[in-house]
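Let's take a friendly walk through a protein model together. Have a look at the structure first, and then we will go from single residues to the whole fold.

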Amino acid sequence: MKLPIVCPSCENALRVSQMKCDQCQTEVNGNYDLPLYLKLHREEQDFILEFFLSSGSIKEMAKQAGNSYPTMRNKMDDLISKINNLKSL
């Protein structure tokens with residue numbers, strides 16, 4: 001099951017309110033932000049993972065995805081802009 005990041009009713013960002021240890025059953029309650037990486041959509045998370053696994057080579061990512069380098073570079077630039085916007089919130 002994938003972790004939801006937006007409310008299914010109103011599409012606002014979700015926050016973490018409870019975590020539980022499966023081993024000792026300790027529960028932690030509060031109102032916590034999701035880590036920045038988890039605020040990204042699944043496709044964006046996958047893009048970052050692929051970038052990492054390709055040793056940071058956009059050229060290699062483009063080749064594997066069957067896209068041009070400029071297309072992949074634009075996707076990277078859009079993601080960088082989104083991350084910068086999320087950081088400033």
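Glu44 is buried, with a relative accessible area of 19%; here buried means under 20% relative accessible area, exposed means over 50%, and partly exposed is in between (1.4 Å probe, protein chains only). You will find Glu44 in helix H1. Helices (H or I, at least four residues) and strands (E, at least two) are DSSP runs, numbered from the N terminus. Leaving out residues up to four places away in sequence, Glu44 touches Leu79 and Lys82, where contact means heavy atoms within 4.5 Å.

A word on where these values come from: this is a predicted model, in which local features need pLDDT of at least 70 and side-chain atom pairs count only at pLDDT 80 or more, while totals for chains, interfaces and linings use all residues. Residues are numbered from 1 along each chain as its sequence is written, and side-chain values use heavy atoms, with hydrogens and water left out.

Gln45 sits in helix H1, which covers residues 42-53, and at 8% relative accessibility Gln45 counts as buried.

Once its neighbours within four places in sequence are set aside, Phe47 is in contact with Met61, Met72, Lys75, Met76 and Leu79. Phe47 also belongs to the largest nonpolar core, which has nine residues: Leu40, Phe47, Ile58, Met61, Ala62, Met72, Met76, Leu79 and Leu86. A nonpolar core is a set of buried Ala, Val, Leu, Ile, Met, Phe, Trp, Tyr and Cys residues joined through side-chain atoms within 4.5 Å. Helix H2 (58-65) and helix H3 (69-87) each supply at least two residues of this core. H3 gives the most, with four residues.

**Loops and the residues in them**

Now look at the loops. Gln25 lies in the one between strand S1 (16-20) and strand S2 (27-32). Although Gln25 is not a glycine, its phi is positive, at about 70°. With 44% relative accessibility, Gln25 counts as partly exposed.

Ser55 is in the loop between H1 and H2. Ser55 has a phi near 60°, again a positive value in a residue other than glycine. Is Ser55 buried or exposed? Ser55 is exposed, with a relative accessible area of 70%.

Asn67 is found in the loop between H2 and H3. Asn67 is partly exposed, its relative accessible area being 32%. Not counting residues up to four places away in sequence, Asn67 touches Ala62, Met72 and Lys75.

**Pairs along the chain and in space**

Helix H3 holds Ser81, which counts as partly exposed at 37% relative accessibility. Thr71 has its place in helix H3 too, and at 38% relative accessibility Thr71 counts as partly exposed.

| Pair | Apart in sequence | C-alpha to C-alpha distance |
|---|---|---|
| Asn67 and Glu11 | 56 residues | 31 Å |
| Ser81 and Leu40 | 41 residues | 12 Å |
| Thr71 and Ile58 | 13 residues | 9.9 Å |

**The whole protein**

Let's step back. How many helices and strands are there in the protein? There are three helices and two strands, and along the sequence they follow the pattern β-β-α-α-α. The radius of gyration is 17 Å, well over the 12 Å that the globule rule gives for 89 residues, so the protein is more spread out than a compact globule. This radius is taken over C-alpha atoms, and the globule rule is 2.2 Å times the number of residues to the power 0.38. Along its principal axes, the C-alpha trace spans about 50 × 30 × 25 Å.

Of the 89 residues, 17% count as buried. Among contacts between residues at least 6 apart in sequence, 33% join residues at least 24 apart. The accessible surface comes to about 7100 Å², and 54% of it belongs to carbon and sulfur atoms; such areas come from the Shrake-Rupley method with a 1.4 Å probe, and for residues only the protein chains shown count as cover.

Finally, the charges: the protein has 11 positive and 11 negative side chains, and the centres of the two sets lie 3 Å apart. Lys and Arg count as positive and Asp and Glu as negative, while His and the chain ends are not counted. The place of a charge is taken as NZ of Lys, CZ of Arg, CG of Asp or CD of Glu.
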